[in-house]
Amino acid sequence: MQPLRQYLATNNIEPSLITLIDVLAIACKDIAFRLQQGAMSGILGSAGEENVQGETQKKLDVISNDLLKNYLLASGVVKALASEEEETIVSGNEAGSYLVCFDPLDGSSNIDINSMVGTIFSIFSAAEGSAVNEKSFLQPGRQQLAAGYVLYGPSVMLVLTTGDGVQMYTLDQRIGEFVLTNDHVVIPEETKEFAVNMSNQRFWAEPKQRYVEDLLAGSEGPRAKNFNMRWMAAMVADVHRILCRGGIFTYPWDSRDPDKAGKLRLMYEANPMGFLVEQAGGKAYTDKMPILDIEPEHIHQRVPVFLGAANEVTTCVEYHQSS
Ligand code: AHG
Ligand code: MN
Ligand code: MN
């Protein structure tokens with residue numbers, strides 16, 4: 001059971017990237033500690049402010065964002081960062097080699113019910129010499145150097161890809177280190193489990209309606225098998241289940257807010273999760289194309305998301321393309 005830094009070093013990861021991943025891990029250990037203290041650490045409830053997405057921020061959204069920002073800016077290796085909770089990018093060290101996008105606290109509605117939440121991050125390289133601005137971040141997800149998440153659950157887990165498969169680490173509380181517990185994560189191609197917020201059903205487009213109707217029809221329907229359903233209300237927790245035992249996760253466009261392409265954000269939700277899923281042998285699509293091939297237009301851009309078991313994602317996308 002190798003500690004995180006040791007595993008990365010033995011796999012020839014650039015020392016400055018190891019520093020960056022280690023700093024992210026430290027910030028997340030700090031968040032995990034506060035979560036474990038719960039009401040005693042003053043993290044519960046609303047912060048009373050709205051973020052750039054127009055969502056009410058929870059105290060822990062703000063605390064996690066500040067922790068990550070402070071650790072990352074102090075690391076010296078970060079040229080700039082973009083966060084769900086920051087309207088614009090935040091500049092760091094001009095000589096830094098990396099751009100970091102993150103969702104400091106994913107699954108905010110789970111904070112106050114002591115349920116699973118996480119932190120998601122995505123790392124790009126920063127162009128040398130040139131000044132950094134929002135455009136510097138608008139690279140397709142395919143160019144990510146590394147991506148991952150920390151899941152704050154019964155165990156605290158770090159799940160990471162540096163473009164060579166997916167590894168899972170578990171926080172060993174006795175020594176305060178993430179240690180490698182699965183060095184080869186694979187998503188089976190087929191599945192009998194789907195994740196979607198069914199309460200939005202009446203707002204979905206017709207192809208999505210048909211797809212889910214056929215899943216629900218089970219062994220008597222066109223899919224000729226029974227499907228189970230799960231919805232954790234935290235993308236981190238749903239994607240973690242898929243990396244552990246397979247499945248498909250979907251957050252489609254819906255007509256509640258028709259001008260938005262979806263609910264989830266490309267740069268710090270869909271891209272990092274898409275990179276992990278592809279590296280584990282799965283697929284990550286919008287209703288039209290691989291998420292990682294999208295040319296981003298702005299840092300808070302939203303996209304429809306269909307990811308997980310390769311064959312199931314293909315089937316789901318075919319429903320959308322045939323209509
Ligand atoms: P965040 O807490 O960072 O805003 O993200 C929440 C996202 C995602 O984690 C989850 O899958 C989805 O919102 C849940 O949405 P519903 O509340 O619509 O089910
Ligand atoms: Mn989120
Ligand atoms: Mn969030």
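This briefing covers the sheets, helices, metal sites and ligand contacts of the structure above.

The model is predicted: local features need pLDDT of at least 70, side-chain atom pairs count only at pLDDT 80 or more, and totals for chains, interfaces and linings use all residues. Residues are numbered from 1 along each chain as its sequence is written, chains are lettered from A and ligands numbered from 1 in the order in which they are written, and side-chain values use heavy atoms, with hydrogens and water left out. Eight strands build one open sheet, and five strands build another. Asp 103 bridges two manganese ions.

**Eight-strand sheet**

- The strand order is E4-E3-E5-E6-E7-E8-E9-E10, with mixed pairing. Helices (H or I, at least four residues) and strands (E, at least two) are DSSP runs, numbered from the N terminus. Two strands pair if DSSP finds at least two bridges between them.
- Strand E4 (90–91) and strand E10 (177–182) are the edges, and each pairs on one side only.
- E7 (residues 146–152) and E8 (residues 156–161) run antiparallel and are joined by six bridges. Leu 151 has Met 157 in E8 as its bridge partner.
- Helix H2 (residues 15–37) packs on this sheet. H2 touches E3 (78–83), E5 (98–106), E6 (117–125), E7, E8, E9 (167–172) and E10. Contact means heavy atoms within 4.5 Å.
- The direction of H2 makes about 165° with that of E6. Axes are lines fitted to C-alpha atoms, for helices over the stretch in contact, and angles run from 0 to 180 degrees between N-to-C directions.
- Helix H6 (residues 266–279) lies across E3, E5, E6, E7 and E8, at about 85° to E6.

**Five-strand sheet**

- This open sheet has the order E12-E11-E13-E15-E14, and its pairing is mixed.
- Its edge strands are E12 (228–229) and E14 (283–285), each pairing on one side only.
- Four bridges link E13 (residues 248–251) and E15 (residues 305–308) in the antiparallel sense. Thr 250 stands opposite Phe 306 in E15.
- Helix H4 (residues 206–216) lies across E11 (193–195), E13 and E15, at about 145° to E11.
- Helix H7 (residues 310–321) lies across E13, E14 and E15, at about 155° to E15.

- E1 (residues 46–50) and E2 (residues 56–58) run antiparallel, joined by two bridges. Ser 46 has Lys 58 in E2 as its bridge partner.
- The E1–E2 hairpin has five residues between the strands, and Gly 54 there takes a positive phi near 80°.
- Helix H5 (residues 235–245) is mostly covered, with nine of its 11 residues buried. Buried means under 20% relative accessible area, exposed over 50%, partly exposed in between (1.4 Å probe, protein chains only).
- The buried residues of H5 include Met 235, Asp 238, His 240 and Arg 241.
- Gly 246 follows H5 and has a positive phi, near 90°.

**Manganese sites**

- The manganese ion (ligand 2) is coordinated by Asp 103 (OD), Asp 106 (OD) and Glu 269 (OE), at 1.9 to 2.1 Å. Donors are N, O and S atoms within 2.8 Å of the metal (3.2 Å for Na, K and Ca); water is not among the atoms, so sites may look incomplete.
- The donor residues of ligand 2 are spaced D-x2-D-x162-E in sequence.
- The manganese ion (ligand 3) has Glu 84 (OE), Asp 103 (OD) and Leu 105 (O) as protein donors, 2.2 to 2.3 Å away. Their spacing along the chain is E-x18-D-x1-L.
- The two manganese ions bridged by Asp 103 lie 3.7 Å apart.
- Asp 103 and Asp 106 are both buried. Leu 105 is buried too.

**Ligand 1**

- Of the 18 residues around ligand 1, Asp 106, Ser 108, Asn 197, Met 235 and Tyr 251 come nearest. A residue is near a molecule or strand if one of its heavy atoms lies within 4 Å of it.
- Oxygen atoms of ligand 1 lie 2.6 Å from a side-chain N or O atom of Asp 106, 2.5 Å from one of Tyr 251 and 3.5 Å from one of Glu 269.

**Asn 110**

- Asn 110 sits in the loop between E5 and E6. Asn 110 is buried, with a relative accessible area of 4%.
- A polar atom of the Asn 110 side chain lies 2.9 Å from the backbone oxygen of Met 116.
- Not counting residues up to four places away in sequence, Asn 110 touches Ser 115, Met 116, Val 117, Met 232, Ala 233 and Ala 234.

Methods:
Polar contact = N/O pair within 3.5 Å; in protein donor to acceptor, adjacent residues only side chain to side chain.
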